[in-house]
Amino acid sequence: MKTTTEFVNELNHKFFKGELPLLFLDKLALLPIDRPDVFAFVQRMFRNMHQAGVPATDMNLLQADILGTLLARILPGAWEGRVPPITVMGRHAEIDAYIKKNTWCSSGGKSMLDIGCGFPPYTTVETAAYLPDWHITGADPSLPYYLLYDAEGNYASFDTDSTIVYFQPAIPSIDNWNNLLKDTAATKKHFNDLLAELLAHPNDMGYPKLEHNPIASYETANLSFIRGGIGSVDAAPKDVIRCFNVLYYFDDSFLEKALTWFAEKTTEGGVVLIGGDWSGSTESYYNVYKKTDDRLINKAFAFSIDCICPLSIVTWYTNHDDDRQKKELIKYISMLRHNKPFMDAFYAYHDAQRLQYNICPRNAQGYYDNIDPNLQPQDIWLTASTMLKELNEAGLNQMAVNVLLDSGLQARVNEVGHIEVLV
Ligand SMILES: C[S@@+](CC[C@H](N)C(=O)[O-])C[C@H]1O[C@@H](n2cnc3c(N)ncnc32)[C@H](O)[C@@H]1O
């Protein structure tokens, strides 16, 4: 069996001409040798980056930290194969705006199913608040029966049979995750013991606290929830289906079946949005399907310009080699990255932003470095989102669209500033 160092060196030579810096490699040396799923994931990711034309100099040390210390904890392999209900506030803000402004939907109604909404269902709650005249239904197979917070605000969710489905630190920084996950058995015992204690002696004030069927507390006049997943939710057809950060856990045959089910659950003229994104609507990418004559028709593929040179890893995140959305995204990133005048303009603007905000700026050797250590996690992504908006305001999104138009594609800057390729 290969050692972690051998594995990392092999990938470095195969996909980055052996040019990844020592600091980056040192961080990857923390990848757990006993997790083949993690090794396969990193290999797939580096292959995708290579195909997209990403050079070693565009890999940043924040990504190396995420891969080395966080990735193994958030892959399904760490959760007995279950997809963790990870979500982050604000990640779908631009997708909500797109739904409000977009002209695809002609069904005339205002109902939406957010399938695989995650828990806590922050983004579904945000959508219901942003679209008050819509009715939003959130659905997820992992909606908890119990939600337990410990004294520090770290939480664990439990199934109907009191097994732990998932846990997460109060503030999900890399250090806080590592504290909870360095000894998973001990953390589970901590939460199990606390559950038994709070079931016997409920605490009505502050932390620790136990909530029963916690999803009910999120329901409002225009927001309801159902426990269940793709293919199993019993709901009337909706005008919009949103399925974000779910399908990249599954293979292409699952996606194909999901599309068939989405078609049944969409009203005629309605739309289906499937894709992924990260905090502050950074690293967004999605397909837009419209139901016409009883069938879902693929109308467009859109992505945010930061996918060309992302700070984090959602752009590359996928658990399967046959992920068709990743293939499409990589194809367009590659076209843009191979256009030198565009990349010169992109780097000139973007590298200056990184320097200004001290977020993974280029170092003296020409590599993207690390983040300002004083930045709080929420500030990192707020700034990343600001940088994305600035890139759009500077017209880099239109320049990217021009490159794609010159290549013979039909493309436009869509209503929320994303680069949209029309099918
Ligand atoms: C990473 S979370 C994404 C949550 C939210 N949509 C977001 O974008 O932040 C993925 C969610 O997919 C859910 N999931 C897993 N299998 C599913 C299925 N077959 N159908 C629908 N959702 C599923 C998981 O329970 C989990 O909550």
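Visitor: What span should the 13 residues of helix H9 have?

Guide: Helices (H or I, at least four residues) and strands (E, at least two) are DSSP runs, numbered from the N terminus. The expected span is 1.5 Å times one less than the number of residues. H9 (residues 252-264) should therefore span 18 Å, and its end C-alpha atoms are 19 Å apart, which agrees. This is a predicted model: local features need pLDDT of at least 70, side-chain atom pairs count only at pLDDT 80 or more, and totals for chains, interfaces and linings use all residues. Residues are numbered from 1 along each chain as its sequence is written.

Visitor: Which residues of H9 are buried?

Guide: Count C-beta atoms, placed from the backbone, within 10 Å of the residue's own: 20 or more others is buried, 12 or fewer exposed, in between partly exposed. In H9, Leu255, Ala258 and Phe262 are buried. They cover an arc of only 60 degrees around the axis (directions from the axis to the C-beta atoms), so they lie on the same side of H9. Ser253, Glu256, Thr260 and Glu264 are exposed, on the face turned away from the buried side.

Visitor: What covers the buried residues of H9?

Guide: The cover includes strands E8 (238-244), E9 (266-278) and E11 (295-303), plus helix H10 (324-337).

Visitor: What does Val272 touch?

Guide: Contact means C-beta atoms, placed from the backbone, within 7 Å. Not counting residues up to four places away in sequence, Val272 touches Ile241, Phe262, Thr266, Tyr289 and Leu296.

Visitor: Which residues come nearest the ligand?

Guide: Near means a C-beta atom, placed from the backbone, within 6 Å. Of the 18 residues around the ligand, Pro85, Thr87, Gly116, Gly118 and Gly229 come nearest.

Note on methods. Two residues are in contact if their C-beta atoms, placed from the backbone, lie within 7 Å.
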